[in-house]
Each structure stands twice: as C-alpha cells, then as structure tokens.
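Please study the sequence and the structure before reading each solution.

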Amino acid sequence: MKSSEKEIIKNIHFLAFGEEGKETSELAGAFLAEPDTISISAEREGKMVGNVLFTPFVFEEYPEKKCYLLAPIGVLPEYQRGFGVGRELMQAGIEHLKSIGTDAIFVLGVPTYYPQYGFVPTDKQTPYPDLLTIPESWMVLELNKGVLNTLGGKTYANKPFMNPMFWDTSGRG
C-alpha cells in the first residue's frame, strides 16, 4: 500500500470519528503498518470515502483458529447515512474474510448497528474482560459454523490494540 493511500485512510477515520478522530486515525495508521491487517475501502466518484480494517484476533489456546477483529470502520461525514458506504464496507469485508477461510469476526461496537450484518453478543473474552461494562457491545459473526463452541480462554489482538483504553466501555453510551 502506498503511503498516500495510508494517509487517505487515516484521514477518513480522523474525519469520521469526531472527538475520537485523532486516536482512531493513529490506531488505523498503526494497523496499516501491521502485515496481517486487511484493509477494504469504498469509493464514490473516484474518491475513497470509507474504510474498514480487520486485524488478527487470537485465542491463546487455539492459535490455529482464524479470527479477526473489525475496527475501525469509518465513512467520511458527507457520505454517511443514505449512501450505502457502511453497508458496502461491511458486506465486502465479510465476503473477503469468508473467502480466505476465516472462522469468526469479532467487534466491540454499537450494539444496534452490527446485528444487521449477523453479529450477535458473545461471552468470549476480550483481552481485558474486566473493562467490558456493556457486554452487548462485544459481538461476533461466526463464519465457520460451530467454531464458537470450540473457542474460549484468554485472547489478544494486534499490539496497537492491546491498550486497555480501547477495551474500556465504561465511558460509552
């Protein structure tokens, strides 16, 4: 990926996240520097207007299971609501992850948004389970039917996402 493309993606996340834009943009930049990150973008009229990133999510006792964490997904403010960019990113991301044999996709996000794509709350641990004060915000989409029955225990994400502040839901509504 060219550095100019990385800057465009970082800027999308910066503009999409308001007050949290700076830290989300920096996190996206850190993820883009990781070799196993999957980046999917959406364009309108030849301009990149949205992006979603997926990074490996590992169950310590089951490292052979192929799981990803969805974060962040961002759409330029002027293309939010009514343009289908978020839906396009979600559908393209899910299809791509299915095509590479992914077992499950996890997300810590808005409990009213992700269920429309098949995500359901999960009792699988986050890397910091004590910080999860809104349990319904921790969701999973099982792509390999039955795999969730085989997973459990300690988990970890890519190094940039292992900061406890990203997993603390106490200040979120």
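**Exercise 1. Classify Glu45 by its accessibility and describe its backbone.**

Step 1. Glu45 has a relative accessibility of 78%, and therefore it counts as exposed. The classes are buried (under 20% relative accessible area), exposed (over 50%) and partly exposed (in between), with a 1.4 Å probe and protein chains only.

Step 2. The structure is a predicted model, in which local features need pLDDT of at least 70 and side-chain atom pairs count only at pLDDT 80 or more, while totals for chains, interfaces and linings use all residues. Residues are numbered from 1 along each chain as its sequence is written, and side-chain values use heavy atoms, with hydrogens and water left out.

Step 3. Glu45 is located in the loop between β1 and β2. Helices (H or I, at least four residues) and strands (E, at least two) are DSSP runs, numbered from the N terminus.

Step 4. Although Glu45 is not a glycine, its phi is positive, about 50°. The hairpin to which Glu45 belongs has two residues between the strands β1 and β2.

**Exercise 2. Describe how β1 is paired and which residues form its two faces.**

Step 1. β1 and β2 run antiparallel and are joined by seven bridges. Two strands pair if DSSP finds at least two bridges between them.

Step 2. Within this pairing, Ile38 stands opposite Phe54 in β2.

Step 3. In a regular strand, side chains alternate between the two faces of the sheet. The covered face of β1 holds Ile38, Ile40, Ala42 and Arg44, and the uncovered face holds Ser39, Ser41 and Glu43.

**Exercise 3. Is Val85 buried or exposed, and which residues does it contact?**

Step 1. Val85 has a relative accessibility of 1%, and so it counts as buried. Its place is in helix α3.

Step 2. Apart from neighbours within four places in sequence, Val85 is in contact with Ala42, Arg44, Val49, Gly50, Val75 and Tyr79. Contact means heavy atoms within 4.5 Å.

**Exercise 4. Carry out the span check for α2 and state what its buried residues pack against.**

Step 1. The twelve residues of α2 should span 16 Å at 1.5 Å a residue, and the end C-alpha atoms are 16 Å apart, which agrees.

Step 2. The buried residues of α2 are Gly21, Thr24, Ser25, Leu27, Ala28, Gly29, Phe31 and Leu32. They pack against α1 (3–16), β1, β2 and β3.

**Exercise 5. Describe the largest pocket and its lining.**

Step 1. The largest pocket holds about 1300 Å³ of space. On a 1 Å grid over the protein atoms alone, a pocket is an open set of points where a 1.4 Å probe fits, with protein on both sides within 12 Å along at least five of seven lines; lining residues have an atom within 4 Å of a point.

Step 2. The lining has 42 residues, of which Phe17, Ile73, Gly109, Val110 and Tyr114 are the closest to the centre of the pocket.

Step 3. The elements that give two or more residues to this lining are α2 (21–32), β3, α3 and β4. β3 gives the most, with seven residues.

Step 4. Pro72 also lies in strand β3, and the peptide bond from Ala71 to Pro72 is cis, with omega near -10°.

Terms used: Points joined across faces, edges and corners; volume = space filled by probe spheres on them. Expected span 1.5 Å × (residues − 1).
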